[in-house]
Amino acid sequence: MPAPRRSPTRAPHRRDVLLAGGALGLGALLTACGGDSDASTTSGKGGKGDKPWSFKDDRGKTVTTKQHPKNIVAFVSTAAALHDYGIECKGIFGPSKPVNGKPSPQAGDLDLSRLTSLGNAWGQFNIEKYAALQPDLLISNMFPPPNLWFIPEESAKKIASLAPTVGINGARVSLREPLKRYTELAASLGADLESEKVRAAKARLQKAERTLRKAAEANRGLKVMATTGDAENMYVAVPDSYCDLHYFKDLGIEFVEGKKSDEWGFWEFLSWENADKYHADLIMIDNRTTALPPKELAKKPTWAQLPAVKAGQTVPWSMEERYSYAGYAPVIERLAAAVEKSKRLKR
């Protein structure tokens, strides 16, 4: 089955965005502007005010501004990560609306009432609003580089012309890498990484790591499968393509290894008739708005008959969680608790 593609002349199909979140990439999004790629490899920590600022991002571009960035616009989970380090944005783009009456899981602790949203869904990026913010810098994730996440292909050049951009990679590396890169980026923007809040969040994450490693060791042989779904198919993740799953493997979690179904290599596509191809004792379920929620999945007969589903051994998968200590500490804790209480099941 070929990867779903989005025509630039129509609204994206729900599946297009769903799969793109797993870094299938809906076409080649334009790489936004940066500085000389041969510049220094160190992140520049500029002071605030009129001092220049620079940062080498994960495209290998050293991005520079004449003055320290004040008006920052970012993908919603990026803005949430920066907020955890005390760096505030003026505008956001990407899913930020409530989900079933609850705050968007991608918005973290952001006060959305104080931020200008440039669009909630794929392709919704209001350039006029963006320009009105007088942006100094735009920041987004990449799945994988060099494409900036949620920057529409058809308006990428215009967006890139309005302000420098930074991209942080979240694909095919361990979670430790984007966590490190976001702390470096936040520090370059003026964050105090030694503040009590940041130190406490880091300590909580490190404790959660130890708890998950202990749980995985105690429940060795437990098979975990990360999934998402739409009306037509169930998708099984290729763990090494996702930074969080890659990281959980390092901590001892044994994953069902989905086979690459297309050139991007993030999912194995299964028709719902074949949803039982793999045995799993614990299933991680994509919690984004673009994925089928558990109550809709339950309507799929083959899903309802999966041993882990019947046993109630499922856990939300925050596959677009913000890359910060505060963001991932509770995610790891939740997975550790699920592993601790799950049992190995018969087929």
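Guide: Residues are numbered from 1 along each chain as its sequence is written. In this predicted model, local features need pLDDT of at least 70, side-chain atom pairs count only at pLDDT 80 or more, totals for chains, interfaces and linings use all residues, and side-chain values use heavy atoms, with hydrogens and water left out.

Visitor: Why does E268 count as buried?

Guide: Buried means under 20% relative accessible area, with a 1.4 Å probe and protein chains only; E268 has 5% relative accessibility and therefore counts as buried. E268 lies in strand β11 (residues 267–271), a strand being a DSSP run of E of at least two residues.

Visitor: What makes the pairing of the E268 and Y278 side chains a polar contact?

Guide: A polar contact is a pair of N or O atoms within 3.5 Å, in which, within protein, one must be able to donate a hydrogen and the other to accept it; residues adjacent in sequence count only if both atoms are side-chain atoms. The distance between these side chains is 2.5 Å.

Visitor: Why are α6 and α11 called roughly parallel?

Guide: Angles under 35 degrees count as roughly parallel. The axes of α6 (residues 196–218) and α11 (residues 325–341) cross at roughly 20° and come within 8 Å, so the two helices are roughly parallel to each other. Axes here are lines fitted to C-alpha atoms over the stretch in contact, and angles run from 0 to 180 degrees between N-to-C directions.

Visitor: How many residues of α2 are buried?

Guide: In α2 (residues 76–84), nine of nine residues are buried, among them V76, L82 and H83.

Conventions: Helices (H or I, at least four residues) and strands (E, at least two) are DSSP runs, numbered from the N terminus. Buried means under 20% relative accessible area, exposed over 50%, partly exposed in between (1.4 Å probe, protein chains only). Angles under 35 degrees count as roughly parallel, over 145 as roughly antiparallel, 65 to 115 as roughly perpendicular and the rest as oblique.
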